[in-house]
Amino acid sequence: MCNLLLHFICWDISRSHEKKFLSIIMEDKANGSVDSKSPVENGQLPDPANWGVSDVVNYFKATGFEEQASAFQDQEIDGKSLLLMTRNDVLTGLSIKLGPALKIYEYHVKPLQTQHLKSNAA
């Protein structure tokens, strides 16, 4: 399990020509110290495969899905599970409304899966 609690400060998700802005502060749960340097490499988040359930929940809370984040907690979705989720899993398995579920899959789950695949292919 990931020993880091991710706090997302700014995440502007958009389509095609717009840029993503991201800044993260990582807090080490083991000693409570805060690492103020950005863990983002090449504009990417740390590998979600290392996230725990609380990291996934905090990610979705920070990206504007505070109400829906509890569904990931209830279903015990950690980073590895998140990377295995299909569109259908998100739309029906989490028991959340269709609109937010579509956005969560298209703008978050799918890009995180793509990032993970690209970083592990290298």
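Select Lys-110 and Glu-106 to begin: the two form a salt bridge, with their closest N and O atoms 3.1 Å apart. A salt bridge here is a side-chain nitrogen of Lys or Arg within 4 Å of a carboxyl oxygen of Asp or Glu. Side chains of opposite charge can pair when their charged atoms come close. The structure holds 1 such bridge. Both Lys-110 and Glu-106 sit in helix α5, 4 residues apart, which is about one turn of the helix. (Helices are DSSP runs of H or I with at least four residues, strands are runs of E with at least two, and both are numbered from the N terminus.)

Before moving on, a word about what is on your screen. This is a predicted model, in which local features need pLDDT of at least 70 and side-chain atom pairs count only at pLDDT 80 or more, while totals for chains, interfaces and linings use all residues. Residues are numbered from 1 along each chain as its sequence is written, and side-chain values use heavy atoms, leaving out hydrogens and water.

**Colour by secondary structure**

Starting at the N terminus, the order of elements is β-β-β-α-α-α-α-α. Of the 122 residues, 38% count as buried. Buried means under 20% relative accessible area, exposed means over 50%, and partly exposed lies in between (1.4 Å probe, protein chains only).

**Follow helix α5**

Now select residues 98-121, the 24 residues of α5. From first C-alpha to last, α5 reaches 32 Å, close to the 34 Å expected at 1.5 Å a residue; the expected span is 1.5 Å times one less than the number of residues. Where does α5 have its kink? Centre the view on Tyr-105, where the kink is about 40°. The bend at a residue is the angle between axes fitted to the seven residues ending there and the seven starting there.

Next, compare some residues along α5. Lys-110 is partly exposed, at 35% relative accessibility, and Glu-106 is partly exposed too, at 32%. Pro-111, also in α5, is partly exposed with a relative accessible area of 26%. Show Leu-83 as well: its C-alpha atom is 9.9 Å from that of Pro-111, although the two are 28 residues apart along the chain.

Is His-116 buried or exposed? His-116 counts as buried, at 18% relative accessibility. Leaving out residues up to four places away in sequence, His-116 touches Asp-47, Ala-49 and Leu-83 (a contact means heavy atoms within 4.5 Å). Other buried residues of α5 include Pro-100, Ile-104, Val-109 and Leu-112.

**Step across to helix α2**

Pick Gln-68, which is in helix α2. Gln-68 is buried, with a relative accessible area of 12%. Beyond its neighbours within four places in sequence, Gln-68 is in contact with Ile-96, Pro-100 and Ile-104.

Show Trp-51, Tyr-59, Phe-60 and Phe-72, which form one aromatic cluster. Rings of Phe, Tyr and Trp (its six-membered ring) pair if their centres lie within 6.5 Å; planes under 30 degrees apart count as stacked, over 60 as edge-to-face and the rest as tilted. By this rule there are 3 aromatic pairs. One of them joins Tyr-59 and Phe-60 edge-to-face, at 4.9 Å centre to centre with 85° between the planes. Turn to Phe-60 and Phe-72 next: their ring centres are 4.3 Å apart and their planes are at 5°, so this pair is stacked.

Tyr-59 is buried at 1% relative accessibility. Phe-60 has a relative accessible area of 0%, and for Phe-72 the value is 0%.

**Finish in the core**

In soluble globular proteins, nonpolar side chains tend to be buried together. The largest nonpolar core has 23 residues, and Phe-60, Phe-72 and Leu-82 have the most contacts inside it. Such a core is a set of buried Ala, Val, Leu, Ile, Met, Phe, Trp, Tyr and Cys residues joined through side-chain atoms within 4.5 Å. Helices α1, α2, α4 (87-93) and α5 each supply at least two residues of this core.

For the last stop, select Leu-82. Not counting residues up to four places away in sequence, Leu-82 touches residues including Trp-51, Val-56, Ile-77, Val-109 and Gln-113.
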